[in-house]
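Here is a short briefing to read alongside the structure. Have the sequence and the 3D view open, and follow along residue by residue.

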Amino acid sequence: MDSVSDDAQLVLKQLFQNEIDLRNSIESVRSSNTSAPYHILPGMRQKLALLKIKAAEQLSGDAESFLFEQYRLHTEELQTLQMQLRNAVNIQAEKKEAADKEELLGESKVRKRRKDDPTAIAEDVTKRMERNTQMLAAMVRQQEETVKTLATSSDEVTEVGVEYRGLTSVLHTSHRLVSKYGRRVLTDTFLTYLGFFLFLCTVLYVLQKRLF
């Protein structure tokens, strides 16, 4: 319809395309293990809401009536497609359940045949032995890695001990030097005060001789 605005026509085209995509996806769900296209539904609902708004914005009464009618039809189509999608998902689930049952029955028959077949029993025993051998080999490798790690840790502890002893020796030497320096400073201080005292005594003696 020519009187329908361009943006409203664009929304209608998008809705038609979404419906086509949803129908094709529903067929794929029925015939295979394709995931259900639930992601299409929110976009269609948004376009329906937008279509309703565009219908109310039309200047022409005919265009408004046409778009509201299209809104009603597409809403009903969406509801129909949702029901078809749920049915397709249920069919897919039933097929998967039947296939799982058939697979379980097949495995049960295979196990029963192997139970009655000496060759199959021998093969099973051989396979179990191979698996056990592989597990033992893996455990041995893990233990070897553990021993290597412990050896490395032991070497590191030894190196730390050597470094600690070296630091202890340095600390003792430093302590002796500091103590010696402290004694030297004390001796120098004593000698300085003694010299000063003797100087004062000499000055006093000279003054006494001159004055008296």
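Predicted model: local features only at pLDDT ≥ 70, side-chain atom pairs only at ≥ 80, totals over all residues.

- As general background, nonpolar side chains in soluble globular proteins tend to be buried together.

**How α1 and α2 pack**
- The axes of these two helices come within 10 Å of each other, and they cross at roughly 155°.
- Angles over 145 degrees count as roughly antiparallel, so α1 and α2 are roughly antiparallel to each other.
- The crossing of α1 and α2 is left-handed.
- On the α1 side, the contact is made by D7, A8, V11, L12, Q14, L15, N18, E19, D21, L22 and S25.
- On the α2 side, the contact is made by I40, L41, M44, K47, L48, L50, L51 and K54.
- Sorted by type, the residues of this α1 and α2 contact come to 11 nonpolar, 3 polar and 5 charged.

**E19, a residue of α1**
- E19 sits in helix α1 and takes part in the contact with α2.
- Is E19 buried or exposed? Its relative accessibility is 3%, so E19 counts as buried.
- Leaving out residues up to four places away in sequence, E19 touches M44, H74, E77 and L81.
- E19 and L41 are 22 residues apart in sequence, with their C-alpha atoms 9.5 Å apart in space.

**A56, a residue of α2**
- A56 is found in helix α2.
- Its relative accessibility is 52%, and the cut-off for exposed is over 50%, so A56 counts as exposed.
- A56 and F68 are 12 residues apart along the chain, and 8.3 Å separates their C-alpha atoms.

**The protein as a whole**
- The secondary structure consists of 4 helices and 0 strands.
- Read from the N terminus on, the elements run α-α-α-α.
- The protein has 212 residues, of which 14% count as buried.
- Among contacts with a separation of 6 or more, 70% join residues 24 or more positions apart.

Technical notes:
Residues numbered from 1 in each chain as written. Heavy atoms only, no water. Axes fitted to C-alpha atoms, helices over the stretch in contact; angles between N-to-C directions. Parallel < 35°, antiparallel > 145°, perpendicular 65-115°, else oblique. Left-handed = near helix turned anticlockwise from the far one by under 90°. Contact = heavy atoms within 4.5 Å. Nonpolar A, V, L, I, M, F, W, Y, C, P; charged D, E, K, R; others polar. Buried < 20%, exposed > 50% of the residue type's maximum accessible area, 1.4 Å probe, protein only.
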